Amino acid sequence: ITTTIEEMNTEYGSFPRTPNETDESKKSFFTILLGATGVSLLMALAATYSFVSSVHSQTEMSEFELLRVVAWNEYGSSEKVLQNTPYSKLQLPNIVLIEPYRDTKLVITGGGNNEQDFIWTVRQGPPDLQRQAPDPSHLTIKKNNHGSDTAFCTMPGSYTVELQSLTTTKQFLFSCLYVKREMRQLTIADREKFLDAMIAIWRSPDTETGRLIYPTTSEGYQFLGIDRLVTAHHRESSGSVWCDKWHDGTGFLFHHLAFGLAFESSMRAVDKSATMPYWDFTIEGEALARDGKGPSGLLKINPWILSSTWFGETIYTGGPIVNSRWKGANATKAIPSTKNFANAMGYMRAPWNMNPTPYVSRAVSYVCDSEPVNKPIPTCATHLELAQMDSLQNFLSYVAGDGHGPMHVNLGGVFGDCSTAMNDLRDRHADELAKKIETKALFNLTGDSFELDGIDNHKEQQKLLDVFDAAFGLEFFHVYRMLYRSQSCATDGEPSHLDCRCENDDDPSTCTCMCRGIREGTFDWRVVEPCAYVSDSARTILQNTLSDDIREDLITTMCSVGQVQEGEMLESGSPSDPLFFTIHPAIDRLTIAKRFPMNQNPLPFANLGYFKSLDGQDYWEPWSYYGADRCIGHGPDDQALAYDLEQGLSYWIPRHFDDNNDQVISNREFWHAIHPLYGALDYIYDNFDWHHCNSENDSIEHMSAPNSNHNKPSKPLMINVDCSLYDDDTIYPSIPNTEPSGYTNCEIQDSGAWCDTCQSSTTCLNYCSEAMALCDHNSNGAFQFVNPCLWEMVANLPQVCADTFHAAPPLQSNNIGFTVKGPYTEPTWNCNWHSMCQACSDPDEPEGLNKYCRAVIFRNQYHANGGRLFLEDLESEGTSFWCQADVLRSIDDGSFFIDESIGATE
């Protein structure tokens, strides 16, 4: 992987001209070298290097090899994506990463050539191992007048691009791929695009109606409404009392990654430019763990995820979403063809979920009026454990629970009648539950294997109440599920000991779940007692520490609560909640990281250890909690995605991955198809860094702030700037004998200070050439506005960084007369502020100034020549402070003005 190009040529010979000349060992090596994009670049490189060697002399090569293309967008250089990931351990200079439907600035460097002399030619790219090359018409490169050019791609894949001048021709491989970013890294524009594409899936009445609005695209993106998605997930999970095909077994990973791809296909049917980001919730989990806080602190660490801007708020004790796009989002109701596996109320919810509301609901970090301390948000330690598993069998068995399971509990919650029932139960037995028990005694009971989530087994003593809650009270949702599938725990081996029904279909309050015999007065608590314990340790501890009377009371209480309600995220209707689709990409990212070959160059997991690779492993023994012989879905040959969703994979999984041609994609075939090096995925992840996990980090709470967090007020920093004085052309005395009359002495200052500077600046010429057109012809500088142009660049910073900004001469200042309250000291250079105020005055922004202008003024400590300093920063191509994604993001969310270590210079 780390071998240089020269060493490879020595070791493997020159690059082959065609794939027929490549033996399998070379193909394997180079696919590993260049892959992880789903787009094998082998043949393109072969063509590139063969072309180079045949066209250029040795003298030409030295200059030719220096020529490179750097791609930029609003997130910075795309080279950072490759440099920060194992996708390309070799930084080959002829590979250019661009993103679909995103303007990409192309900067030509090296070679001693003027970039404006070059001509771009896009040709058919090489067919990769899995897909046909896209037609070259899907990639356009627009020649711009101010230096850098703009690429725009409308089809993922590889394109051969020739760069020609009078003396040189070089081929590049443009790889057009979606880039998945952590949600809080998104620009506001990308956040809105992503959320708008998502909500369209909820707002469609059904899949068929949605397909009339969003027909299947030429690429194969197929719309799936939330009705179809929820129904399929619910049916495969809770449609049978005997089996959960998608959970509690080795099939979880395949089904949920396939399900996520089907959802993303539906998003792209709505908007081809949208792609699903990921939520790395270990950022929150690690911050909570280091501060010794439970999962209820999630929204203190991360208030944005459930805000009106993102996915909406709910009341603490559980209920529908009250704001955001998802306010009033409906829970999926059964239709005649699906009523056989709906719950008693007719919803696509778990049979034991008696939530009567017709809307998607949540109770965050709330289980029957208690904090689920036994379900902490996954931390770096839990994901590190998964990262270091070297067995596919073990990884498949643990990735669901350790990887993300607590997120479902904390984002769904349990509420309703159980809150009162459990509190009453604790009150009835308060004296006994207040007792303490020696931890050593618990170890003795469990054969030195005492371990309960939420209990610190290093303490000398434990409160019996805490043990009771960890072993039973906080597992209410698990107990209800087991009572439904009681064949696996009840002493009589019978299923459906939990009987859920509505006495009156027109009255939701009559819908309850009770154990068999409760209503009839024939209930035998000992038959279902084993179903109340989540583990052998829990059973042993509670049976040996609680009296028969207490155990009978708790089992009877559990079996007669009545209307227990769960938020969608906790059960089989979970895709009804948009949060469902935000948490699984974190598992996808972790899985992809584990599939790179790492024999000689393992991928680090922060500074805590290294990943162990699963590369080459593609078989496992089927395992299901309910018995693999009875519960299908968990074996290599079982179907990866439900029959009514599989068309959603038609774009992602080309049919040649169907090894046995049975028209069904199995779990193992799907596993092959999503391999990051040999598969067919059209996206990559922005990084594989878990730097928030580094052991020396004292606090990581600041990392939770997204681009969209507008809750932090900025300090009143602009007290030295009052645009009511400077945003007015009439304040300054007119210059006699000038045409047109009325121009102030600022024009003279502007000319003398800036014409020479701009003439010598490539960046200034790129953007402000029109502004200085008369510099050489008018000693007073009339009709030119270089300094105002620079401040217009500042005010339009994102467009400048994305190379979409074009300056235009202003006819006059805004003259809005806005006055900033507070102490005021007149700046020395009035004309600099006049230029700034002309471009930056905005009464709708804090301090009456455009936020990017405020940032430049703040960073440069109110320096009169802030525009000049801004220009000098942009001159450092590729290293601009102002165009870094985190800087732009901090300006947008206000943190730039709070944390002076970000904004202010020394």
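This is a predicted model: local features need pLDDT of at least 70, side-chain atom pairs count only at pLDDT 80 or more; totals for chains, interfaces and linings use all residues.
Helix α18 spans residues 464-471. Most of this helix is covered, with 6 of its 8 residues buried. The buried set consists of Leu 464, Val 467, Phe 468, Asp 469, Ala 470 and Ala 471. Several elements contribute to the cover over these residues. Among the helices are α15 (417-428), α16 (430-433) and α17 (439-445). Helices α21 (536-545) and α22 (548-560) also take part. Strand β15 (461-463) is included as well.

A helix pair was examined next. Helix α9 covers residues 252-270, and helix α23 covers residues 580-593. The two pack at an angle of about 120 degrees. Their axes lie 10 Å apart. Angles of 65 to 115 degrees count as roughly perpendicular and those over 145 as roughly antiparallel, so α9 and α23 are oblique to each other. Their crossing is left-handed. On the α9 side, the contact is made by Phe 252, Leu 253, His 256, Leu 257, Phe 259 and Phe 263. These residues meet Phe 580, Phe 581, His 584, Ile 587, Asp 588 and Thr 591 of α23. By class, the contact comprises 8 nonpolar, 3 polar and 1 charged residues.

The structure contains 10 disulfides. A disulfide is a covalent bond between the sulfur atoms of two cysteines.

The link is right-handed, with 115 degrees about the S-S bond. It connects distant parts of the chain: Cys 500 sits in strand β16 (residues 498-502) and Cys 513 in strand β17 (residues 511-515), 13 residues apart. Cys 513 has 0% relative accessibility and therefore counts as buried.

Strand β17 also holds Cys 515, whose partner Cys 559 belongs to helix α22. These two cysteines are 44 residues apart. Cys 515 and Cys 559 are both buried. Helix α22, which carries Cys 559, is also part of the cover over α18.

Another disulfide is formed by Cys 840 and Cys 853, with sulfur atoms 2.0 Å apart. This link is left-handed, at -70 degrees about the S-S bond. Cys 840 lies in helix α30 (residues 830-840) and Cys 853 in helix α31 (residues 851-859), so the bond ties together parts 13 residues apart in sequence. Both Cys 840 and Cys 853 are buried.

Notes:
Residues are numbered from 1 along each chain as its sequence is written. Side-chain values use heavy atoms; hydrogens and water are left out. Buried means under 20% relative accessible area, exposed over 50%, partly exposed in between (1.4 Å probe, protein chains only). Helices (H or I, at least four residues) and strands (E, at least two) are DSSP runs, numbered from the N terminus. Contact means heavy atoms within 4.5 Å. Axes are lines fitted to C-alpha atoms, for helices over the stretch in contact, and angles run from 0 to 180 degrees between N-to-C directions. Angles under 35 degrees count as roughly parallel, over 145 as roughly antiparallel, 65 to 115 as roughly perpendicular and the rest as oblique. A crossing is left-handed if the near helix is turned anticlockwise from the far one by less than a right angle, and right-handed if clockwise. Ala, Val, Leu, Ile, Met, Phe, Trp, Tyr, Cys and Pro count as nonpolar, Asp, Glu, Lys and Arg as charged, and the others, Gly among them, as polar. A disulfide is a pair of cysteine sulfur atoms within 2.5 Å.
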